[in-house]
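Please open the structure in your viewer and keep the selection panel at hand.

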Amino acid sequence: MTSTATSRAFLLEHPGPIDATPLTLSVRPPLVPDRHEIVVAVEACGVCRTDLQLVEGDLALHRRPVVPGHQVVGRVLRAGPGASHRIGDRVGVTWLAGTCGRCEYCVAGQENLCLSAVFHGWDCDGGYADEMICHDDYAFSVASDRSATQLAPLLCAGVIGYRSLEIAQVTAGQRLGLYGFGSSASLVLQLAKLRNIEVHVATRNPVEQTRATALGADSVGDLQALPPAPLHAAITFAPVGSVVIDALRATRRAGTVVINAIHLDEIPSFDFDLLWHERSIRSVANVTRADVTGLLEVDARHPLRVEPHLYRLSDAPLALRDLAAGTIGGPGVLIP
Ligand SMILES: [Zn+2]
Ligand SMILES: [Zn+2]
């Protein structure tokens, strides 16, 4: 694999409305890995709603400028002397960029809650670029024959969906509701059907309802419509607080509503009766490396269906504008 003389990267310095082009394409010298780092030549980088929230300022920047992007598939271009991955290895890179390994959460196997966790595209530069640096311990080996553009969206939407499903604790024969039906929800639907869980998809978008049925949903309906029978658990994906109430209304006694969102507007006040009978509401924060390997193992046995919408790297602002406008069905993926 040859080294390029320079590489391109989108820098985010001053967040603002995506129409005001807050991202600038810059050219930089080749990246140099530290001892335990690798440099990954980006084959594909997924476009996530979290990227949009950072670019538009809904999530405060942790450093500036920063290169967004946290679902990357690529090949190792350069490796530090202490790295276990070798030049040419195919790897996946996710949101989690590093944890301390010592805090009470890391020690308890909850590294997703680490008090000093760092994240790609937020605390360190991400994959809206030709190449990116990743700590060797936070890069995952992926199969050479799996399409990079199919795999990239799994590395955030799929992994956080996998974690949400674990937290929802639904088992075969039980009923799960999915509220909102974007990239992550369509992957959770497939994961749930592999576990023989009955799935109800709630979305106001008729195109998404049709897509959900095609992917195996047992029932579909509007957000406020009650499912055919009360749900054992629901996962909300739409970034609006009212959806949490819609989901809570549809769950049975002892049911759980899992909120799959890093940023949510206010949850409207609701009658305590909706929460009564031991119902609960939980958030999902970040992912552990075990979640990533768990999802990749499922995908290796049963490749998950993804219909990516491809953009050239230079069109990253357009990909984010399309995501904001909701004009594309599948996940956006940047390719060189
Ligand atoms: Zn993401
Ligand atoms: Zn920690």
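**The metal site**

Begin with cysteine 156, which has a relative accessibility of 12% and therefore counts as buried, the cut-off for that class being under 20%. Please bear in mind throughout that this is a predicted model.

Next, select the zinc ion (ligand 1) and display its donors: Cys48 through SG, His70 through NE2 and Cys156 through SG, at 2.0 to 2.2 Å. Along the chain, the donors of this zinc ion are spaced as C-x21-H-x85-C. Colour the loop between α1 (49-56) and β4 (72-79), where histidine 70 lies, and the loop between α3 (148-151) and α4 (157-168), where cysteine 156 lies; the pair therefore ties together parts that are 86 residues apart in sequence. Histidine 70 is itself buried, because its relative accessible area is 1%.

**The second largest pocket**

Which residues are closest to the centre of the second largest pocket? First display the pocket, whose volume is about 220 Å³. Its lining consists of 13 residues, and those closest to the centre are Glu37, Cys124, Ile133, Cys134 and His135. Now select the strands β6 (96-98) and β8 (131-135), each of which supplies at least two lining residues. The largest contribution to this lining is that of β8, with 4 residues.

**The enclosed cavity**

How many cavities of 30 Å³ or more does the structure hold? There is 1, and the space in the largest cavity is about 40 Å³. To outline the largest cavity, select Val42, Cys45, Gly127, Ala129, Asp130, Leu313, Leu334, Ile335 and Pro336, which line it. Two elements give two or more residues to this lining, namely β3 (37-46) and β17 (332-335).

Is isoleucine 267 buried or partly exposed? Its relative accessibility is 34%, so isoleucine 267 counts as partly exposed.

Key: Residues numbered from 1 in each chain as written. Chains lettered and ligands numbered in written order. Predicted model: local features only at pLDDT ≥ 70, side-chain atom pairs only at ≥ 80, totals over all residues. Heavy atoms only, no water. Buried < 20%, exposed > 50% of the residue type's maximum accessible area, 1.4 Å probe, protein only. Donors = N, O, S within 2.8 Å, 3.2 Å for Na, K, Ca; no water. 1 Å grid on protein atoms, 1.4 Å probe; cavity = no way out; pocket = protein on both sides within 12 Å on 5 of 7 lines; lining within 4 Å. Points joined across faces, edges and corners; volume = space filled by probe spheres on them.
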